[in-house]
Amino acid sequence: MPLEFGYWAVRGLGEPSRLLLRYTETEWTDAAVPLTDEGMNSWFQEKKANLGLDFPNLPYLLDGDVKLTQSLAVIRYLGRKFGLSPSEADIAKGDVFEQYLVEVRTALSKAAYSSADKFEELKAGFISKLPVRVEEVAKFIGAGPYALGDKITYVDFLALEYLECVAAFSPEHFESGPVVDYINRMKDLPALKKFYDSEDCTHKSYPFNGPMASCLGGPTSSKS
């Protein structure tokens with residue numbers, strides 16, 4: 001039975017795991033929940049309490065007897081399953097970058113999902129910190145080619161998705177440079193390039209955020 005990954009039909013916190021699964025080219029089911037009345041009723045009233053999850057939520061992962069929720073728990077599990085965990089020497093470094101990326105994505109979400117009267121203020125605050133953040137990421141990755149050096153890990157899929165989301169929020173900070181080169185290098189990996197170039201690329205219909213967000217709540221291009 002194929003592995004099943006469930007999340008809203010948006011990119012949000014679920015897309016890093018989807019990208020990792022596409023990279024591995026394993027057989028899996030994208031159990032996306034439409035953000036419609038019908039989709040939400042199906043999740044909340046029928047499916048949520050009936051999957052055997054300890055903490056029912058989205059995203060979730062079903063892999064045989066393994067049933068997980070929590071986005072970081074899911075992607076860490078996938079990293080172990082597919083040999084994409086950091087080496088023993090790089091575990092701590094990977095943990096730091098993982099949490100840094102989550103911190104940045106959370107700050108962006110705080111602005112994106114703010115009320116209309118707070119959005120511009122929070123957006124300006126987020127963008128004011130971007131030059132330093134982009135410089136920090138560039139320095140961390142260094143020569144790469146991946147976040148932790150020569151070995152690609154699950155952290156790279158968090159970085160790819162979350163940095164691309166930030167780039168969509170503030171394109172002027174991602175016109176060129178080492179971070180843009182890193183994003184493009186990841187997107188050019190054969191399995192991911194195949195996905196981005198395909199007619200079925202869900203980035204054409206899955207927005208970064210849900211429709212209640214003040215920004216990035218509509219369909220986005222698969223190209224940056």
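**Exercise 1.** Which residues does E161 touch, not counting residues up to four places away in sequence?

*Solution.* The model examined here is a predicted one. Begin with the location: E161 lies in helix 7. Next, consider the accessibility. Buried means under 20% relative accessible area, and E161, at 1% relative accessibility, therefore counts as buried. Finally, list the contacts: with residues up to four places away in sequence left aside, E161 touches R11, E15, P16, L19, H203 and F208.

**Exercise 2.** Determine the strand order of the open sheet and state which strands stand at its edges.

*Solution.* The sheet is open and has four strands in the order 2-1-3-4, with mixed pairing. Strand 2 (28–33) and strand 4 (66–69) each have a single partner strand, so one side of each is left without a neighbour in the sheet; these two are the edge strands. On average, neighbouring strands of this sheet are turned by 15° against each other, direction ignored. As background, strands of a sheet pair through backbone hydrogen bonds, in either a parallel or an antiparallel sense.

**Exercise 3.** Describe how strand 3 is joined to strand 4 and to strand 1.

*Solution.* Step one concerns strand 4. Strand 3 (residues 60–63) pairs with strand 4 in the antiparallel sense, over four bridges. Within this pairing, L61 has L68 as its bridge partner in strand 4, and L62 has K67. The two strands form a hairpin with two residues between them, and G64 in the turn has a positive phi of about 65°.

Step two concerns strand 1. Strand 1 and strand 3 run antiparallel and are joined by three bridges. Here E4 stands opposite L62 of strand 3.

Step three concerns the side chains. Y60 and L62 point one way from strand 3, L61 and D63 point the other way, and all are buried.

**Exercise 4.** Which strands does helix 2 touch, and which does helix 3 touch?

*Solution.* Strand 3 and strand 4, as found above, pair in the antiparallel sense. Helix 2 (residues 37–47) packs on the sheet and touches strand 1 (3–8), strand 2 and strand 3. The direction of helix 2 makes about 120° with that of strand 1. Helix 3 (residues 71–81) also packs on the sheet, where it touches strand 1, strand 3 and strand 4. The direction of helix 3 makes about 140° with that of strand 4.

**Exercise 5.** How many aromatic pairs does the structure hold, and how is the pair of F126 and F169 classified?

*Solution.* The structure holds six aromatic pairs. For F126 and F169, the ring centres are 5.5 Å apart and the planes stand at 85°; since planes over 60 degrees apart count as edge-to-face, that is the class of this pair. The pair links distant parts of the chain: F126 belongs to helix 5 (residues 116–128) and F169 to helix 7 (residues 154–169), 43 residues apart. F126 counts as buried at 6% relative accessibility, and F169 does so at 8%.

A further pair is formed by F195 and Y196, which is tilted, with 5.3 Å centre to centre and 55° between the planes. F195 is buried at 9% relative accessibility, and Y196 is buried with a relative accessible area of 4%.

Charged groups complete the picture. The charged end of R22 sits over the ring of F195, 3.9 Å from its centre. Over the ring of F169 sits the charged end of K123, 5.9 Å from the ring centre.

**Exercise 6.** Identify the buried residues of helix 8 and explain how they are placed around the axis.

*Solution.* In helix 8 (residues 178–187), the residues V179, V180, Y182, I183, M186 and K187 are buried. They cover an arc of only 160° around the axis and therefore lie on the same side of helix 8. The buried residues of helix 8 pack against helix 6 (130–141), helix 7 and helix 9 (190–197).

**Exercise 7.** Is L122 buried, partly exposed or exposed?

*Solution.* L122 is found in helix 5. Its relative accessible area is 29%, so L122 is partly exposed. Leaving out residues up to four places away in sequence, L122 touches K110, A111 and S114. The C-alpha atoms of L122 and A191 are separated by 36 Å, and these residues are 69 residues apart along the chain.

Definitions and conventions
Residues are numbered from 1 along each chain as its sequence is written. This is a predicted model: local features need pLDDT of at least 70, side-chain atom pairs count only at pLDDT 80 or more; totals for chains, interfaces and linings use all residues. Side-chain values use heavy atoms; hydrogens and water are left out. Two strands pair if DSSP finds at least two bridges between them. Axes are lines fitted to C-alpha atoms, for helices over the stretch in contact, and angles run from 0 to 180 degrees between N-to-C directions. Contact means heavy atoms within 4.5 Å. Rings of Phe, Tyr and Trp (its six-membered ring) pair if their centres lie within 6.5 Å; planes under 30 degrees apart count as stacked, over 60 as edge-to-face and the rest as tilted. Buried means under 20% relative accessible area, exposed over 50%, partly exposed in between (1.4 Å probe, protein chains only). A charge sits over a ring if NZ of Lys or CZ of Arg is within 6 Å of the ring centre and within 35 degrees of the ring normal. The arc is that of the directions from the helix axis to the C-beta atoms.
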